[in-house]
Amino acid sequence: MDTPLSSADLSEMLLAGTKESHTKTEISPLGRDFYRGIVKKDVLKKGIEALYFIYSAMEDELERNKDHPYLAQIYFPTELYRREALAQDLQYFYGADWESLISPSAATKLWVKRIREVGKKDPGMLLAHCYVRYIGDLSGGHLLNNVAKKVLRLPATGEGLKFYTFEGITSQKGFKQLYRSKLNEVDLEMETKVSIVEEAVRAYDFSLKVIAELEEIGKSSKEEAVGLGHSHAATMGGDAKCPFSGANTAAGENPNYLSHIPNQLALAALVAVLAGFTAWYSLRAP
């Protein structure tokens, strides 16, 4: 476990217990490349593939175990499920035969295997994977779409960005508050809460393995990287937590911003969701 746990609330325990893991994802080479605005489309597409297999496994297991006392509290398929959205994005990028063109990577298989294992043997631990994935996705997706509506050169109808659109949620702030309260309402012994936090740390470890694979794809790719030529950290300000909060400033400063931003923003979102960047602090947001 990353840090000592003091609060009895599960959401606060997850926040504290995964903080170190969150930091590791931020300082990964892929994360640092994002902050420098370095992008390769090959990496983006492979990342979307990984997410499709991960969510397919997780949502299969959630459906099989939706009546489990731990999971029933956080069962929000209409609001959160991502598999169908990812399938639509893959069809947009690969065409009608997308299913025959994708396959899970080695690291993705490991994560999928773990999800299947806990789904069969200890379903309550799926709660940890839901924590790492869904809330981070919701926060990152909401912010991405605010920018994408203005600058991304993709169809106005949303093709290619379905993963980041949560049509069943009308208030991001309200839903995150609800999700946090539902986490805390799950009736758990302290020992079980500690186990869930440990499983969340394990989920972050799987994220890092997937990110490492994407980094290798980027190194071997012959595709020229697209970059903005400046650090996002400089445009976000010292207190900025979300990688997209400096987008409008960047647009004003860089004359080539509109020609480079589509891949850059998409990869930024991909890094955020793969690593669960926003999950550990987004539950605390008011």
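**Helix α1.** I began by listing the buried residues of α1, which are Leu10, Ser11, Glu12, Met13, Leu14, Leu15 and Gly17. The model is a predicted one. The helix spans residues 10–17, and seven of its eight residues are buried, so I noted α1 as mostly covered.

**Cavities.** Next I asked how many cavities of 30 Å³ or more the whole structure holds. The search returned four. I then looked up the largest cavity and found about 60 Å³ of space in it.

I wrote down the lining of that largest cavity: Leu62, Leu71, Ile74, Tyr75, Phe76, Pro77, Leu80, Tyr81, Cys130, Tyr134 and Tyr179. Which helices supply at least two residues each of this lining? I found α5, residues 77–80, and α9. Sorted by class, the lining has 11 nonpolar residues, with no polar and no charged ones. The tyrosines in the list, Tyr75, Tyr81, Tyr134 and Tyr179, are counted as nonpolar in that sorting.

**Arg133.** I stayed with helix α9, which runs over residues 126–151 and contains Arg133.

Definitions and conventions
Residues numbered from 1 in each chain as written. Predicted model: local features only at pLDDT ≥ 70, side-chain atom pairs only at ≥ 80, totals over all residues. Heavy atoms only, no water. Helix = DSSP H or I, 4+ residues; strand = E, 2+ residues; numbered from the N terminus. 1 Å grid on protein atoms, 1.4 Å probe; cavity = no way out; pocket = protein on both sides within 12 Å on 5 of 7 lines; lining within 4 Å. Points joined across faces, edges and corners; volume = space filled by probe spheres on them. Buried < 20%, exposed > 50% of the residue type's maximum accessible area, 1.4 Å probe, protein only.
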